[in-house]
Amino acid sequence: MSTNLVLVAVVGVLFAAGVYLLLERSLTRVLVGVILIGNGVNALFLVASGPAGRAPIVGLNDVDDMSDPLPQAMVLTAIVITLGVTAFLLAMAYRAGQLNGNDDVQDDVEDASIRRRAERDEVSSSYDDSAGGTMDEEGADEPSVLQPVVQPGPDGEPAPVGPEGEQR
Amino acid sequence: MNASALVPLPVVLPLFGAGLALAFGRSARAQRIVSVVVLALMVVIAAVLLVRADADGPQVTHVGGWHAPIGISLVADRLSALMLLVSVFVALCVLVYSLSQGLVEYGPDTPLSIYHPTFLILVAGVANAFLSGDLFNLYVGFEILLAASYVLLTLGGTADRIRAGSTYVVVSLASSIVFLTALALVYAATGTVSMAQLAGRLDDLPDGVALLLQLMLLTAFAIKAAVFPLSAWLPDSYPTAPAPVTAVFAGLLTKVGVYAIIRTQTLLFPDSELSDVLLWAALLTMVLGILGAVAQDDLKRMLSFTLVSHIGYMVFGVALATDDGLSGAIYYVVHHIVIQTNLFLVAGLIERRGGSTSLERLGGLARLSPVLALLFFVPAMNLAGIPPFSGFLGKLGLMQAGVDDGGWLAYVLVAGSVVTSLLTLYAMAKAWNRAFWQPPATEPDGSAGPRTDLHRKPRRTDAQVLTGKAAVVMRAGMAGPAAALLTVGVALTVFAGPLIGLTDRAAADLRERTPYIEAVLPGGAP
């Protein structure tokens, strides 16, 4: 089976450019990336269908000359799906722009807050000191080491971090 | 009566219903009736299909009269029909739940006219994916359910949901692209996308080519199923959606990915070289997922992490590639669909009752609402695998299959699944203690420690919206489906014998491959 080399090269370029754009933060660029790769896959289906032939209509052309109709049907389906998804992504990027002033894909706030608390070695606010007696006893061996690290606040809790510390 | 005529209905009915619901967009009442009737009909059809598939073998329809290798075939074998039945039942419960919640959240006069049609389309996509007999139709099924899920996840377009939605949509798009590329390559290599025909043709391919195709398909499905290291998107995107949406996503969407992995691994690549890779992925999914759950402060996020973690059990069973392993995996999928959905629904109830899902804020719910406590306790213990429940039976089955396998890696997996089970118990006990047992938190005044949920406004509780009898009715409407799922979860234990018999037969079918292939291609593959 002969393969159309130009088509293969086009597929490669479209994929490379698409993957690059997909890795961007801005939703609009991601969208362009998706469109590029979508077209790349469609061209890949054309490669998969073999050499181009005559229109696959029974009675009009000889069966041996026809191109394979199945990949064409799949490409049509894929195009329609890409169209729908593109419309949705555009709407979402627009909405993100309305809300944030940009359309960047954002980090998860909750993840970040848990990581911050882990770094500060905090316990959750519902953590009961009286229930954690064993923990205190373990730590009681070297109180002089532990004391300077955590400065207790006025009411025995770790010094409250002001709201300015919570802001990103 | 020929049951194969019923096979297309689970796909056609909800699509038809979605159109009808959209046409009735102005009448919330008509929408509700249409969706409930459609889903109830689907439960009946799926049950009939399961009975027929179990008695007479796979039921096949060739859509439009085009026969198998060329046309689209829909196949309901034991695995498909079982998955379909459980999924549709769960979807029905979630829908009934959301009817009441919608009333509570938006009031009876302001229906969200897009919700019902989208929900039905989601179900149609799930059904199409389960019944599909060729890979391209499986892709279309995925796209239908994904497109619907994009809309449901970003419902209302608030800042939180758009943020969660963009992660989810981009990741899903990436997986779809990988899947579609794999399809093009499969077609280029074999000239077919019909799974029955592929089963024969893939054997003739050079090893390297087959391995590449398998890897690409596995990658695409693993993203959907949230298998580590492709699972990070899930806990970020699920918790912000409305409770019923999260529940139906947790129950159905990842399981469609697991189903696709089971189907392709058994039918297309039976002698997989990737078993060890899958075993490692299963181990990491289980352990890392549950460690994430332990660290969470928000109930919905914790549940999302347990969801990821328990996908590992299913992959474990599939990777063993023995009859027992597969049977255990299928039983576990059924168990997990019911239980995880149940827990998310209860999380929604907790949000209603306590005004938040943050464990920092909740407290004293056991005294406030004993029914809610029971609704949470039973599925939570079930998920953790406490002996009488189905979670225990599923895990036991998988561990036995692992021990029978005898390899050192299988033993490591068995150990890993025990650890995961214990940590699940720990996470659930933590949620139970903090939300239900500890005294209610005092009014948060901002200085009582760092608050992690500043960006999330407390929702209105139902008591603030509706009072008196109406509130009771609404609460019953939401608790009812949760209780129904709880009952089914317990029934999975009571009727474990027949059910495991069924999953054993399904697993044997899958391993044998011929029942499926002969049902789709009666004359043998051309």
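Helices are DSSP runs of H or I with at least four residues, numbered from the N terminus. This is a predicted model: local features need pLDDT of at least 70, side-chain atom pairs count only at pLDDT 80 or more, and totals for chains, interfaces and linings use all residues. Residues are numbered from 1 along each chain as its sequence is written, chains are lettered from A in the order in which they are written, and side-chain values use heavy atoms, without hydrogens and water.

**View 1. B:Ser194 lies in a loop between two helices of chain B.** The loop joins helix 6 and helix 7 (195-201). B:Ser194 is buried, at 1% relative accessible area (buried: under 20%; exposed: over 50%; partly exposed: in between; 1.4 Å probe, protein chains only). Leaving out residues up to four places away in sequence, B:Ser194 touches B:Ala68, B:Pro69, B:Gly133 and B:Asp134 (contact: heavy atoms within 4.5 Å).

**View 2. Chain B meets chain A.** Here 44 residues of chain B contact 41 residues of chain A. About 3800 Å² is buried between the chains, 69% of it from carbon and sulfur atoms (buried area: accessible area, 1.4 Å probe, that two parts lose on being put together, summed over both). Helix 5 (135-153) and helix 6 (159-190) of chain B each supply at least two residues of the side that touches chain A. Helix 6 gives the most, with 17 residues.

**View 3. B:Leu20 sits in helix 1 (residues 9-23) of chain B.** B:Leu20 counts as partly exposed because its relative accessibility is 34%.
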